[in-house]
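Student: I would like a close look at one part of this model. Please take me through the aromatic rings, and keep it brisk.

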Amino acid sequence: VVIRPNSFLFAFPDKNKNGYITIKDNALVGSGVHIYVANHSFSDLKQPIINQGHDEPKDVVLGEGCWVGANAIILGGVTVGKNAIVAAGAVVTKPVPAYCVVAGSPAKIIKRLDKNA
């Protein structure tokens, strides 16, 4: 596994053991990548967001051989599949299938690497 400088991995498992970050063999994580397992709660319109705490954390998994480009953001509940590529600057909110390239905000599949396999 390679994790380049200025990356930020923020995990805090809860009592149900949700909220882990798992990075599998041979994954590449570019500079400035941010991974978060939870987001701020904001359902109570009468309370400032800072006082509402966080939603329940969800695991993040970076699959074997995947590449997460520089400055990408990966949110809770996302699994990046085997040998998948997350483009630089992408905001990943949903799982990424194996052998796919995702880009954009929110990230969408732009190429399938195994289409001729």
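Tutor: Start with Tyr36, which is partly exposed at 24% relative accessibility. Keep in mind that the model is predicted.

Tyr36 belongs to a cluster. Ring pairs link Tyr36 with Phe8, Phe10 and Phe12. The structure holds three aromatic pairs. One of them is Phe8 with Phe10, and this pair is stacked. The Phe8 and Phe10 ring centres lie 5.9 Å apart, with 10 degrees between the planes. That angle counts as stacked because it is under 30 degrees.

Phe8 is partly exposed, at 36% relative accessibility. Phe10 is partly exposed too, with a relative accessible area of 33%.

Phe8 also pairs with Tyr36, and here the rings are tilted. The centres of Phe8 and Tyr36 are 5.7 Å apart, and the planes make an angle of 50 degrees. This pair links distant parts of the chain. Phe8 sits in strand β2 (residues 8–10), Tyr36 in strand β5, and the two are 28 residues apart.

Next, follow the chain past β5. The loop between β5 (34–36) and β6 (60–62) contains Gln52. Gln52 is buried, because its relative accessible area is 17% and the cut-off for buried is under 20%. A polar atom of the Gln52 side chain lies 2.9 Å from the backbone oxygen of Asp44. Leaving out residues up to four places away in sequence, Gln52 touches Ser41, Phe42, Ser43, Asp44 and Gln47.

To recap the rings: Phe8 stacks with Phe10, and Phe8 forms a tilted pair with Tyr36.

Technical notes. Residues are numbered from 1 along each chain as its sequence is written. This is a predicted model: local features need pLDDT of at least 70, side-chain atom pairs count only at pLDDT 80 or more; totals for chains, interfaces and linings use all residues. Side-chain values use heavy atoms; hydrogens and water are left out. Helices (H or I, at least four residues) and strands (E, at least two) are DSSP runs, numbered from the N terminus. Buried means under 20% relative accessible area, exposed over 50%, partly exposed in between (1.4 Å probe, protein chains only). A polar contact is a pair of N or O atoms within 3.5 Å; within protein, one must be able to donate a hydrogen and the other to accept it, and residues adjacent in sequence count only if both atoms are side-chain atoms. Contact means heavy atoms within 4.5 Å. Rings of Phe, Tyr and Trp (its six-membered ring) pair if their centres lie within 6.5 Å; planes under 30 degrees apart count as stacked, over 60 as edge-to-face and the rest as tilted.
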